[in-house]
Amino acid sequence: MTKEVNSKIGVWLLFTLIISNYVVDLEASHHVYKRLTQSTNIKSPSVNQPYRTGFHFQPPKNWMNGPMIYKGIYHLFYQWNPKGAVWGNIVWAHSTSTDLINWDPHPAAIFPSEPFDINGCWSGSATILPDGKPVILYTGIDPKNQQVQNIAEPKNLSDPYLVEWTKSPLNPLMAPDAVNGINASSFRDPTTAWLGHDKKWRVIIGSKIHRRGLAITYTSKDLLKWEKSTEPLHYDDGSGMWECPDFFPVTRFGSKGVETSSFGEPNEVLKHVLKVSLDDTKHDYYTLGTYDRVGDKFVPDKGFKMDSSAPRYDYGKYYASKTFYDSAKNRRILWGWTNESSSVEDDVEKGWSGIQTIPRKIWLDRSGKQLIQWPVREVERLRTNQVNLRNKVLDSRSRLEVYGVTAAQADVEVLFKVRDLEKADVIEPSWTDPQLICSQMNVSVKSGLGPFGLMVLASKNLEEYTSVYFRIFKARQNSNKYVVVMCSDQSRSSLKEDNDKTTYGAFVDVNPRQPLSLRALIDNSVVESFGGRGRACITSRVYPKLAIGKGSHLYAFNYGSQSVDVLSLSAWSMKSAQIRPMIYNGVYHLFYQWYPNGAVMKVNEIVWGHATSKDLINWTPHSPAIKPSRPSDINGCWSGSVTVLPSGKPVILYTGNDVNNHQVQNLAKPKNLSDPYLRHWTKSPVNPLVTPNAVNHVNSTSFRDPTTAWLGRNGRWRMITGSQEGRRGLALLYTSRDFISWKQSAKPLHYNDGSGMWECPDFFPVGTTTSHGVDTSSFSVSVKHVLKVSLSDTSHDYYTIGTYDQVKDQYVPDDGFVQDVTAPRYDYGKFYASKTFYDSVNRRRILWGWVNESSPEKDNIKKGWAGLQAIPRKIWLDESGKRLMQWPVKEIERLRTTQVKWESKVLKGGGSLVNVHGVTASQADVEVLFKVSGLEKADVIEPGWTDPQLICSQKNASSVNSGLGPFGLMVLASKNLEEYTSVYLRIFKASQKSKDHVVVMCSDQSRSSLDKENDKTSYGAFLDVSPYQPISLRTLIDNSIVESFGGRGKTCITSRVYPKIAIGENTHLFVFNNGSQNVNVLSLSAWSMKSSL
């Protein structure tokens, strides 16, 4: 179960993991929710995520930039704030896919770094040049907060993932000035460029002049020098700002796509589409028309006007859309962004906002008057468990449940046939707004023909449901023409009152004498509906309280007065797509200190071992990431940490032992960022970055283990390094603007006289009101800070909790905390050189620690390895604010197999021992809940018993009985108890007449092995729980290691044991009570554990 990454692991002094920042933003355009900009008291996201979508692209940030395809790989760029769940610090995040459905994230492609984009990298588009090279045009926000246009290009065209991008030194290419008279605050979102007959490039940029919305045209011969055209491509008075314009050709006949610069094939007729996102309404509108290539003018067809009367791609929540030409499949793909219907507070609570809709193929209808959309075929690969219904009749006021699919995550296609069209109600002449029709005539209002359709995300008793349905009206009293209205009614979608429950509607241009199709893609909190084979599309965002997960139901219904036939209905459960939000290419990286030449460490030959995992449990080893090769580390590559930069790029700071055996600090970075496993690393040519010298007086033999760096409010990086001066232990503080040139601060972050060398320091924030993790650079006011040091004198890890003054760069422990051996410990057993990292994907802080051996050196050499990592643990601040809590990561539970469960057993006083049969006792996970009675019969604790380890050593499990205890588990035990390790509790009165009690938790190794040379120390810790309440104990047993967690993680003890008899199938597991009073086992669950890979 425990992963020993290499067959010859010497000593794991320190390791680090990398996982990049996962933060979300809350806006759909450049304006929404700006009132949150200055907020620093942001709640951490909820772990319970019933609304997070399964097969929609849901990045940390919300809206489209420039989708494209390059060398067979689809690229999606999107706006993201890497520093928080509020607007600001906008970068271009980047993900790739081979099928438009499953996505892998990469480091940010573009981020603020130059004067022309220092205040944000806003939206834009990608253009593929004739030689196949892609470039990006994007809006930057300059130091004056003016919107300017810039260009970036890939650094390495041989990399199909295009991980790294460089900005042109000529930026900005287009900027507002007094001559061109462009509105500097309304000049954004350049389109994909296209080539004209004159071989000049064209691009349009959204803008406005007062209430006139317009698409400004620029031309260029080389994509670097741009000239503004005298006239815009198109404009409309009164429509307001045109955001995210899109301009592309469509073939007049057929559904194939057309390349943006195409003039059309011989005899092919092209039309052009101009789409704009109207800032006033937050909807996308398009017009069809003719592009005058000579005059660079777009002329809408008769009946089209570029304002809110124009047709829309989608009549629901859908904005800032973008198309691109998919050259691999000869189609045009449309992407759009869907905002939330939940409140801002709920968005902050759940930790994300906004998703991308399913990509849609888009083409011109035969009529030439509208665009057709349909989900890309690739989404059908996620279909499973098909249910088919044929020739069903939905009578008036009837409902038919569709069983056999996961109704919360499904794809449904249904074909209706209506009868008796003459019985349709006559539409009122004033009913020109379909959304108003749907709002006034919601699903509960019966008419002649309709409503009929689907009820999705419905609770069992219909307290909640979202209905997608049709109504059919006569155009006039005696007319043979009909009007079909499609609705998506959210009015009953949730019991939560403050959700947006707008009802949406659209006219569907179909003949109701023909079968009428409806398709709905349902994904937990989003419903995308396509009526009339894509002639009308409506996307709804809903947040039910009851109809979530297995509590969700799916119905076909007819509430009209006339019967409706269901000719066919096909429904599929939908698998979740692989959409990994900003974990570094979906992979955890573990770096560890390794001596590759044997089981006994030689410090001058230490390398950085490297392993990767996707679940923190199963690991794949790689070649060493860093090994001695330069003067700055020729005598050993010692420990350090990884920092993920705002661009998403990881870098390593590590201690090298140089040619003089001085400890110096170095930098390494990945050689190839497109490799998700980061198998090759290069060292900076300017190493060492930080050195001891006569000026700084740093102790050259006690200067090691740089931490993960964090950004201060002034934009400078900080990191601390452990050191000592005489007997003073201290955390030296360094700052840097560029991560290369580091300056030592006048004062250390913190120090303590008399504690000795501080190894492997760790400094990080913890939330005061939540168990969720906090990013290392967080400025939130709702945090405390933790400083952990590994004391070389004792080989134990100690931590304090306190306040970090970010102005003075000083850490002040809270009252009662001193950074020495009196401080609390993460683990009171074998546990050293620990390290935490922020897991941005699961919003938690993870703690890892190194566990040394209890066997002698000669045995280590014989078995060929020494040392391992403890199971990774989630760590958070207790409600009291006085201690840290720890619990094994949930992923470990995936290894559980055969379960044994007990309830309500009594362990009688005087010596009870019960064997737990049915699990592999040498490799198990055990959780037990004890309840004690007769607390008045507890022994009184001696006033001198202030050291719990001494109590556990003197009062071991087998030889000393007391009133209440010892009771607990005997693990890795032989059949006749020649060997066992006992993990147990004792309860004492604080004083003779007191009602207060002291609980001690022990891990007793004194009988763990018949091998007399093993270290058999007994460990102990006080456990701050009330014995009036049930007391929990969890133990992870893995052949030679026992990790125990008391009081749901208030106290942890790790033991390393090497029995001679109690190994493999000869191992037993017991629950015992050697105290004089009875103890109740309220529950016991034990699982056999598989080995990890």
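Is Cys1052 buried or exposed? Cys1052 is buried, at a relative accessible area of 1%, where buried means under 20% relative accessible area, exposed over 50% and partly exposed in between, for a 1.4 Å probe and protein chains only. This is a predicted model, in which local features need pLDDT of at least 70 and side-chain atom pairs count only at pLDDT 80 or more, while totals for chains, interfaces and linings use all residues. Residues are numbered from 1 along each chain as its sequence is written, and side-chain values use heavy atoms, with hydrogens and water left out.

**Cysteines and disulfides**

- Cys438 lies in helix α2 (residues 434-440) and Cys487 in strand β31 (residues 482-489), so the pair ties together parts that are 49 residues apart in sequence; helices (H or I, at least four residues) and strands (E, at least two) are DSSP runs, numbered from the N terminus.
- Cys438 is buried at 0% relative accessible area, and Cys487 is buried at 0% relative accessibility.
- The other bond joins Cys952 to Cys1002, with S to S 1.9 Å, and its torsion of about -75° makes this disulfide left-handed.
- Because Cys952 lies in helix α4 (residues 948-954) and Cys1002 in strand β66 (residues 997-1004), this pair ties together parts that are 50 residues apart in sequence.
- Both Cys952 and Cys1002 are buried, and Cys637 is buried as well, at 0% relative accessibility.

**Aromatic rings**

- The structure holds 31 aromatic pairs, where rings of Phe, Tyr and Trp (its six-membered ring) pair if their centres lie within 6.5 Å, and planes under 30 degrees apart count as stacked, over 60 as edge-to-face and the rest as tilted.
- The ring centres of Trp194 and Phe247 are 5.2 Å apart with planes at 55°, so this pair is tilted; Trp194 in strand β11 (residues 194-195) and Phe247 in strand β16 (residues 242-251) are 53 residues apart.
- Trp194 is buried at 1% relative accessible area, and Phe247 is buried at 3% relative accessibility.
- Phe77, Trp92, Tyr138 and Trp165 form one aromatic cluster.

Definitions and conventions
A disulfide is a pair of cysteine sulfur atoms within 2.5 Å.
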